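This report describes pockets, surface features, backbone geometry and salt bridges in turn. The sequence and the structure are shown first.

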Amino acid sequence: SAQLQQVNFVSLNREDASSVSPKGYDLVVHTAGPFQGKVNAPNGVLEACVKDKVPYVDVCDDYCTAMAAKAKYSDQAKEDGGVSCIVSTG
C-alpha cells in the first residue's frame, strides 16, 4: 500500500498563478478559503496545477465559484492527456 511520504505547506498568493509552483508534487490540496463570493476572482492555484499537469483538489463550498472554475479550466485540463481536478469537495 502507498504511504504518505511528505506533506509540504507553502505560502503563496492564491489568486496569482505565477506565485504557485506545483511541479514536483503528486497532488495539490487547496484549502485557502474563503471561496464564497470569489466567482470572478482568479484561482491561481487551479490555473497553475492545470498548466503543470499536477492533480488538484479543493474544498470550495460555493456552487457559483465551483461552476465558474470548472467552466474556465475544464477544456485546458483535458489537453495533452489531461489532469484530474476535483473542485468543490467542501
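In which segment is tyrosine 25 found? Tyrosine 25 belongs to the segment before strand 1, where strands (E, at least two residues) and helices (H or I, at least four) are DSSP runs numbered from the N terminus.

## Basis of the model

The model is predicted: local features need pLDDT of at least 70, side-chain atom pairs count only at pLDDT 80 or more, and totals for chains, interfaces and linings use all residues. Residues are numbered from 1 along each chain as its sequence is written, and side-chain values use heavy atoms, with hydrogens and water left out.

## Pockets

A pocket is an open set of points on a 1 Å grid over the protein atoms alone, where a 1.4 Å probe fits, with protein on both sides within 12 Å along at least five of seven lines; lining residues have an atom within 4 Å of a point. Grid points are joined across faces, edges and corners, and a volume is the space filled by probe spheres set on the points.

The largest pocket has a volume of about 800 Å³. Its lining comprises 24 residues, and those closest to the centre are Asn8, Tyr25, Leu27, Val28 and Val29. Strand 1 (residues 28-30) makes the greatest contribution to this lining, with three residues. By class, the lining of the largest pocket holds 13 nonpolar, nine polar and two charged residues; here Ala, Val, Leu, Ile, Met, Phe, Trp, Tyr, Cys and Pro count as nonpolar, Asp, Glu, Lys and Arg as charged, and the others, Gly among them, as polar.

The second largest pocket contains about 200 Å³ of space. Among its 15 lining residues, Lys38, Ala41, Pro42, Asn43 and Thr65 lie nearest the centre. Helix 2 (residues 63-78) supplies the largest share of this lining, five residues. The lining of the second largest pocket divides into seven nonpolar, four polar and four charged residues.

## Nonpolar surface patch

Tyr25 also takes part in a nonpolar surface patch with Val10 and Leu12, which together have about 250 Å² of accessible area. Such patches join nonpolar side chains (Val, Leu, Ile, Met, Phe, Trp, Tyr) within 5 Å, from residues with over 30% relative accessible area and no salt bridge; areas come from the Shrake-Rupley method with a 1.4 Å probe, and for residues only the protein chains shown count as cover.

Tyrosine 25 has a relative accessible area of 33% and is therefore partly exposed (buried means under 20%, exposed over 50%, partly exposed in between, with a 1.4 Å probe and protein chains only).

## Backbone geometry

Most residues other than glycine have a negative phi, and most peptide bonds are trans. The peptide bond from glycine 33 to proline 34 is cis, with omega near 5°; proline 34 is in the loop between strand 1 and helix 1 (44-52).

Aspartate 80, although not a glycine, has a positive phi of about 50°. This aspartate 80 sits in the loop between helix 2 and strand 3 (85-86) and is exposed, at 74% relative accessible area. Serine 88, likewise not a glycine, has a positive phi of about 80°; serine 88 lies in the segment after strand 3.

## Salt bridges

The count is two salt bridges, each defined by a side-chain nitrogen of Lys or Arg within 4 Å of a carboxyl oxygen of Asp or Glu. Lysine 38 pairs with glutamate 15, their closest N and O atoms being 3.6 Å apart. This pair links distant parts of the chain, 23 residues apart: lysine 38 in the loop between strand 1 and helix 1, and glutamate 15 in the segment before strand 1.

Lysine 51 forms a salt bridge with aspartate 52, with the closest N and O atoms 3.5 Å apart. Lysine 51 is exposed at 61% relative accessibility, whereas aspartate 52 is buried at 18%.

Notes:
Patches are made of residues with over 30% relative accessible area and no salt bridge: like charges are joined within 9 Å, nonpolar side chains (Val, Leu, Ile, Met, Phe, Trp, Tyr) within 5 Å.
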